[in-house]
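Work through the exercises below with the sequence and the model open. Try each task before you read its solution.

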Amino acid sequence: MTDDLISYINSLGVSRYGFFDAGKVIPDNWKGLGFGISFSIKLSEPIVRDIKNGPTKTYFSHYRSVNNHINEVALKLTIYLQNMGHKAVPIPASQTVSEGNEIKGVFQHRTAATLSGLGWIGKSGMFIDEKLGPAVRLGTVFTDMELTPQVPVRKGKCGSCRLCVQSCPAMAIEGKEWKAGMERNLLYDARACSSYMKEAYKDIGRGVVCGICMSICPRNDS
Ligand code: SF4
Ligand code: SF4
């Protein structure tokens with residue numbers, strides 16, 4: 001069964017994937033879905049390199065296309081799992097639900113990706129894929145199909161690098177090394193990042209992308 005699932009995932013056009021134990025992180029309303037699939041799609045390297053001092057219109061278009069692809073992959077996986085008699089929930093690629101002062105998605109894809117052993121969280125709060133670097137976008141599907149989880153990654157590997165801290169125009173990045181379970185707001189101020197993007201890049205996708213911290217990260221060359 002798992003071999004069939006793996007063949008199917010590979011046929012969907014993902015860059016990397018992993019399985020995780022969702023028992024401790026699944027939202028209360030979906031208890032019973034004890035496992036998850038995390039997958040990544042690598043962004044176009046030349047488009048990411050062009051970001052330099054701010055996002056380009058081509059980057060925004062690419063970002064949206066990749067998000068659409070992630071949603072499609074997650075939906076196809078959900079249908080596949082359901083057809084095999086399982087329950088499944090696809091998490092939207094990019095959806096913001098505000099909770100009080102916090103800006104976040106219904107579930108953080110980066111948490112799923114670290115639990116799946118795909119990589120770690122950088123000082124910037126970005127997910128950094130061990131093999132592909134930070135220029136990836138992530139998708140997540142929860143399921144009750146029993147999967148063999150990978151070994152989670154539990155700490156960051158930025159070391160002495162502070163390039164994103166120095167380059168962020170919103171001064172939103174604190175510069176702390178990530179450890180599993182750390183609150184996101186200890187790494188960076190999502191509200192400061194969002195406010196800056198909305199004002200500075202309002203002519204590019206109404207200010208929902210920036211990408212500077214991703215583009216300058218030396219892990220792009222890893
Ligand atoms: S996306 Fe831009 S504004 Fe937000 S943290 Fe990264 S560099 Fe700063
Ligand atoms: S730029 Fe440096 S400090 Fe920032 S996430 Fe990348 S490796 Fe870590």
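Helices (H or I, at least four residues) and strands (E, at least two) are DSSP runs, numbered from the N terminus. This is a predicted model: local features need pLDDT of at least 70, side-chain atom pairs count only at pLDDT 80 or more, and totals for chains, interfaces and linings use all residues. Residues are numbered from 1 along each chain as its sequence is written, chains are lettered from A and ligands numbered from 1 in the order in which they are written, and side-chain values use heavy atoms, without hydrogens and water.

**Exercise 1. Positive phi**

Task: Find where Lys-52 is located, and decide whether Lys-52 is buried or exposed.

Solution: 
- Step 1. Lys-52 belongs to the loop between α2 and α3 (57–83).
- Step 2. Its phi is near 40 degrees, a positive value in a residue other than glycine.
- Step 3. Most residues other than glycine have a negative phi.
- Step 4. Buried means under 20% relative accessible area, exposed over 50%, and partly exposed in between (1.4 Å probe, protein chains only). Lys-52 has 54% relative accessibility, so Lys-52 counts as exposed.

Met-171 is exposed because its relative accessibility is 72%.

**Exercise 2. Two ligand shells**

Task: List the residues that surround ligand 1 and those that surround ligand 2. Then sort each shell by type.

Solution: 
- Step 1. Around ligand 1 are Cys-168, Pro-169, Ala-170, Ile-173, Cys-193, Cys-210, Gly-211, Ile-212 and Cys-213.
- Step 2. Around ligand 2 are Gly-122, Lys-123, Ser-124, Ile-128, Cys-158, Cys-161, Leu-163, Cys-164, Cys-217 and Pro-218.
- Step 3. Ala, Val, Leu, Ile, Met, Phe, Trp, Tyr, Cys and Pro count as nonpolar, Asp, Glu, Lys and Arg as charged, and the others, Gly among them, as polar.
- Step 4. The shell of ligand 1 has eight nonpolar residues, one polar and no charged. The shell of ligand 2 has seven nonpolar, two polar and one charged.
- Step 5. Cys-193 is partly exposed because its relative accessibility is 24%. Cys-217 has a relative accessible area of 11%, so Cys-217 is buried.

**Exercise 3. Cysteine pairs**

Task: How many disulfides does the structure hold?

Solution: 
- Step 1. A disulfide is a covalent bond between the sulfur atoms of two cysteines.
- Step 2. The test is a pair of cysteine sulfur atoms within 2.5 Å.
- Step 3. The structure holds zero disulfides.

**Exercise 4. The largest pocket**

Task: Which helix gives the most to the lining of the largest pocket, and which ligand sits there?

Solution: 
- Step 1. On a 1 Å grid over the protein atoms alone, a cavity is a set of points where a 1.4 Å probe fits but cannot get out, and a pocket is an open set with protein on both sides within 12 Å along at least five of seven lines; lining residues have an atom within 4 Å of a point.
- Step 2. The lining has 46 residues, and Tyr-63, Arg-110, Arg-137, Tyr-188 and Val-208 lie nearest the centre of the pocket.
- Step 3. α6 gives the most, with six residues.
- Step 4. A molecule sits in a pocket if more than half of its atoms lie within 2 Å of its grid points. Ligand 1 sits in the largest pocket.

How values were computed:
Near = heavy atom within 4 Å.
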